[in-house]
Amino acid sequence: MEKKFMGVSWSLGVLGLVMILFVKSISVDAISCQDALTMLMPCKPYLTTEAPTPTPPCCQAVSTISAAATTTLARRDLCRCFEKAAPALGVIPDKAKLLPQKCGVSVPVPIDPKLNCDTIK
C-alpha cells in the first residue's frame, strides 16, 4: 500500500511541476501593462515634449515590447493599456503615432488613440 501511495504522490509531484513550468512559460510570453509603461519611461521626453527624436533606450523598449506582444490578447491588452495611460502621462498623440517609424521598429499594432483595440488581431 505504501509503495502505491508513493507512486501516486510522485506522479502528482511531477504533474505539479509540469503545471508550474507551463504557467511560467505563458507569463514569459506576455508583458503586463505596468511593465510596458515602466519600460517606455525613456520615451517620455520624446512623447511629451518637443524633443525631435526618441533616444536609443526608448527605441530598444519599443522593440522589446513589440516582440513581447505575440498574441492577439497581448496586443489588445497593450492597446488598452496605452489608450488609458497616454492622456494621463501627457502623451502627444501625433508623436506616439510616429514613434515606431522614428525608431525603425515594425509594430503589430498601430499606435493611434482613435484605434478600436477590439479590432486588433
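Modeller: A disulfide is taken to be a pair of cysteine sulfur atoms within 2.5 Å. Please keep in mind that this is a predicted model.

Colleague: How many disulfides does that rule give?

Modeller: The count is four disulfides. With the bonded cysteines numbered in sequence order, they pair as 1-6, 2-3, 4-7 and 5-8.

Colleague: What is the handedness of the link between Cys33 and Cys81?

Modeller: The link of Cys33 and Cys81 is right-handed, with 75° about the S-S bond. The pair ties together parts that are 48 residues apart in sequence, because Cys33 lies in helix H2 (residues 33-39) and Cys81 in helix H5. The sulfur atoms of Cys33 and Cys81 are 2.0 Å apart.

Colleague: And are these two cysteines buried or exposed?

Modeller: Cys33 counts as partly exposed, at 34% relative accessibility, whereas Cys81 counts as buried, at 6%.

Colleague: Next, Cys43 and Cys58: where do they sit?

Modeller: Cys43 and Cys58 form a disulfide with their sulfur atoms 1.9 Å apart. This pair links distant parts of the chain, 15 residues apart: Cys43 is in the loop between H2 and helix H3 (44-48), and Cys58 is in helix H4 (residues 56-68). Cys43 is buried at 0% relative accessibility, and Cys58 is buried with a relative accessible area of 0%. Their link is right-handed, with 105° about the S-S bond.

Colleague: Why is the disulfide of Cys79 and Cys117 called left-handed?

Modeller: It is left-handed because the torsion about the S-S bond of Cys79 and Cys117 is about -75°. Cys79 lies in helix H5 and Cys117 in the segment after helix H6 (93-103), so this pair ties together parts that are 38 residues apart in sequence. Cys79 is buried, with a relative accessible area of 10%, and Cys117 is buried as well, at 4%.

Colleague: Changing topic to Arg75: which side chain of opposite charge is nearest?

Modeller: That is Asp77, which is 11 Å away. Arg75 is buried yet has no salt bridge; the cut-off for a salt bridge is 4 Å. Arg75 is found in helix H5 (residues 72-89).

Colleague: What lies 2.9 Å from a polar atom of its side chain?

Modeller: The backbone oxygen of Ala69 lies at that distance from a polar atom of the Arg75 side chain.

Colleague: And which residues does Arg75 touch?

Modeller: Leaving aside residues up to four places away in sequence, Arg75 touches Ala69, Thr70, Pro108, Val109, Ile120 and Lys121.

How values were computed. Residues numbered from 1 in each chain as written. Predicted model: local features only at pLDDT ≥ 70, side-chain atom pairs only at ≥ 80, totals over all residues. Heavy atoms only, no water. Helix = DSSP H or I, 4+ residues; strand = E, 2+ residues; numbered from the N terminus. Buried < 20%, exposed > 50% of the residue type's maximum accessible area, 1.4 Å probe, protein only. Lys, Arg positive; Asp, Glu negative; His and termini not counted. Polar contact = N/O pair within 3.5 Å; in protein donor to acceptor, adjacent residues only side chain to side chain. Contact = heavy atoms within 4.5 Å.
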